[in-house]
Amino acid sequence: MDLEPGTPILENGVVKGSLRHGRTAHNVSSSTLRKRSDLALVSKVRFGCLRVFLVNLQEVILGTRICVLFPAIPAAILAASFGFGRPWVFVLSLLGLAPLAERLSFLTEQISYFTGPTVGGLLNATCGNATELIIAIFALSKHKIELVKYSLVGSVLSNLLLVLGSSLFFGGIVNLKKEQIYDRRQAEVNSQMLLLALLCFSLPLLFRYAGASADVAGVGRLRLSRAGSIVMLVAYFAYLSFQLLPHHRQLFEEDKEPYEYDDDVVEEVPTIGMWSTVAWLVIVTIIVALLSEYVVATIEDASETWGLSVGFLSIILLPIVGNAAEHAGAVIFAYKNKLDITLGVALGSATQIAMFVVPLCVIVAWVMGMNMDLDFNILQTASLALSIMASSSILQEGTSHYLKGLILLLFYVVIATCFFLTNEDITIVNSETSNA
């Protein structure tokens, strides 16, 4: 496969040009939204500790092109503290999570420079969807298991249909006169992982139709879900080993010359120190946790105020806003005809949510004494199945054009409309029942 100069080569979602740091497609995608800071002014500060603090502050806060959304964070905290409208707290918290998600990616990447390729790659690969995981854990702490399921299903659907579809569509429109090609092996491996996840999601759903009593089916469904979650976690870490371990990576290598990143990607050099990175990572994680708690606590109020169901907000709105930075990077690389990175972001995120975050939530709920299973309702499971089949079939050839992206986008529109109307019908039926 011929690649134009400046194209990073990916092997199953990991960039070959930077293996010593274990960089993933998520990191490369997020780096398109970063900008180099001008440290000329702060470097003149005489006091060493203050100078280091200001440099770190400028790198962490101003080092992203979406830093304009950072004021939403104190606004959300003030709105929650002074009892402003809870829907406003919900909106401001979502907006504040967008830059924080990108900053988490930046900080975990900074740590990877000091920990070596394997540990760094593991950190980058497992923290790519840290925001969804934190929101899910807070929802579990509030015993809102259905909210966890809604948000995680929505994240998978968003990556497979919205992110991948918009990337292929806009990339195809811009590159009408160029053949868009990518490595099919990456798509095949992720599709196979997603099919395994779909199997683990489908079998607990089928337990209710197996002819057993409700109590027996419920116990069997829970046990099967926990066993399936352990299997998925084992499979996911085996999947990571093929991405990160050198003797496994040789199975996927080709005889190609290394390529450098283009000018829009920030250079691979640490910009802040190890302990400063750890401190900022703790601070950002705490803020993400706080905003996640606000989102979980106010989503029902936002639902009532706007007349939209909690399910629709969780499946459609949360994934779009929470991963806006990463998704924007995927579209930018498709625009530049670098679909390997786009596929690494979209398929990699979907695989991580389905094979890591979902089963981890089941295990965490088990530890917390709650019975979370993998029995997504039939509408959610069918939507996942059709989305996985659609994306897999579209990516079989190793080439792309804008019509493939349009088809995926239309899939997403139909599914979003379905969830909107289904929940709207439920609201109407409940209203009519109460009136009767």
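Visitor: How many aromatic pairs does a search of the whole structure find?

Guide: The search turns up 9 aromatic pairs. A pair is counted when ring centres of Phe, Tyr or Trp (its six-membered ring) lie within 6.5 Å; planes under 30 degrees apart are stacked, over 60 edge-to-face, and the rest tilted.

Visitor: What makes the pair of Phe-169 and Phe-170 edge-to-face?

Guide: The ring centres of Phe-169 and Phe-170 are 5.2 Å apart and their planes stand at 75°, so the pair is edge-to-face.

Visitor: And why is the pair of Tyr-236 and Tyr-239 called tilted?

Guide: Here the centres lie 5.8 Å apart with planes at 40°, so Tyr-236 and Tyr-239 are a tilted pair. These two tyrosines also belong to one aromatic cluster, made up of Tyr-236, Phe-237, Tyr-239 and Phe-356.

Visitor: Before we go on, what sort of model is this?

Guide: It is a predicted model, in which local features need pLDDT of at least 70 and side-chain atom pairs count only at pLDDT 80 or more, while totals for chains, interfaces and linings use all residues. Residues are numbered from 1 along each chain as its sequence is written, and side-chain values use heavy atoms, with hydrogens and water left out.

Visitor: Why are Tyr-236 and Tyr-239 separated by about one helical turn?

Guide: Because Tyr-236 and Tyr-239 are 3 residues apart in helix H9, which covers residues 214-244. Helices (H or I, at least four residues) and strands (E, at least two) are DSSP runs numbered from the N terminus. The chain has 16 helices and 4 strands.

Visitor: How do you know whether Tyr-236 is buried or exposed?

Guide: We compare its relative accessible area with the cut-offs: under 20% is buried, over 50% exposed, and in between partly exposed (1.4 Å probe, protein chains only). Tyr-236 has 2%, so Tyr-236 is buried. Tyr-239, with 9%, is buried as well. Phe-170 has 43%, so Phe-170 is partly exposed. Over the chain, buried residues make up 55% of the 436 residues.

Visitor: Which residue lies over the face of Phe-376?

Guide: That is Lys-149, at 5.8 Å from the ring centre. The rule asks for NZ of Lys or CZ of Arg within 6 Å of the ring centre and within 35 degrees of the ring normal. Lys-336 lies over the face of Phe-333, also at 5.8 Å from the ring centre.

Visitor: Why are helices H7 and H15 called roughly parallel?

Guide: The axes of H7 (residues 145-174) and H15 (residues 378-394) come within 11 Å and cross at roughly 25°. Axes are lines fitted to C-alpha atoms, for helices over the stretch in contact, and angles run from 0 to 180 degrees between N-to-C directions. Angles under 35 degrees count as roughly parallel, over 145 as roughly antiparallel, 65 to 115 as roughly perpendicular and the rest as oblique. H7 and H15 are therefore roughly parallel.

Visitor: Which way do H7 and H15 cross, and which residues of H7 meet H15?

Guide: The crossing of H7 and H15 is left-handed. A left-handed crossing has the near helix turned anticlockwise from the far one by less than a right angle, and a right-handed one has it turned clockwise. On the H7 side the meeting residues include Lys-149, Tyr-150 and Leu-168, and on the H15 side they include Gln-380, Ser-383 and Ile-394.

Visitor: What makes H6 roughly parallel to H14?

Guide: Their axes, in H6 (residues 130-141) and H14 (residues 339-367), come within 10 Å and cross at roughly 25°. That angle makes H6 roughly parallel to H14. H6 passes H14 in a right-handed crossing.

Visitor: Back in H7, why does Ser-158 count as buried?

Guide: Ser-158 is in helix H7, and Ser-158 counts as buried at 0% relative accessibility. Leaving aside neighbours within four places in sequence, Ser-158 is in contact with Val-163, Pro-319, His-327 and Tyr-412.

Visitor: And what makes Gln-396 exposed?

Guide: Gln-396 has a relative accessible area of 55%, so Gln-396 is exposed. Gln-396 is found in the loop between H15 and strand S4 (399-400). Leaving aside neighbours within four places in sequence, Gln-396 is in contact with Tyr-182 and Arg-184.

Note on methods:
Contact means heavy atoms within 4.5 Å.
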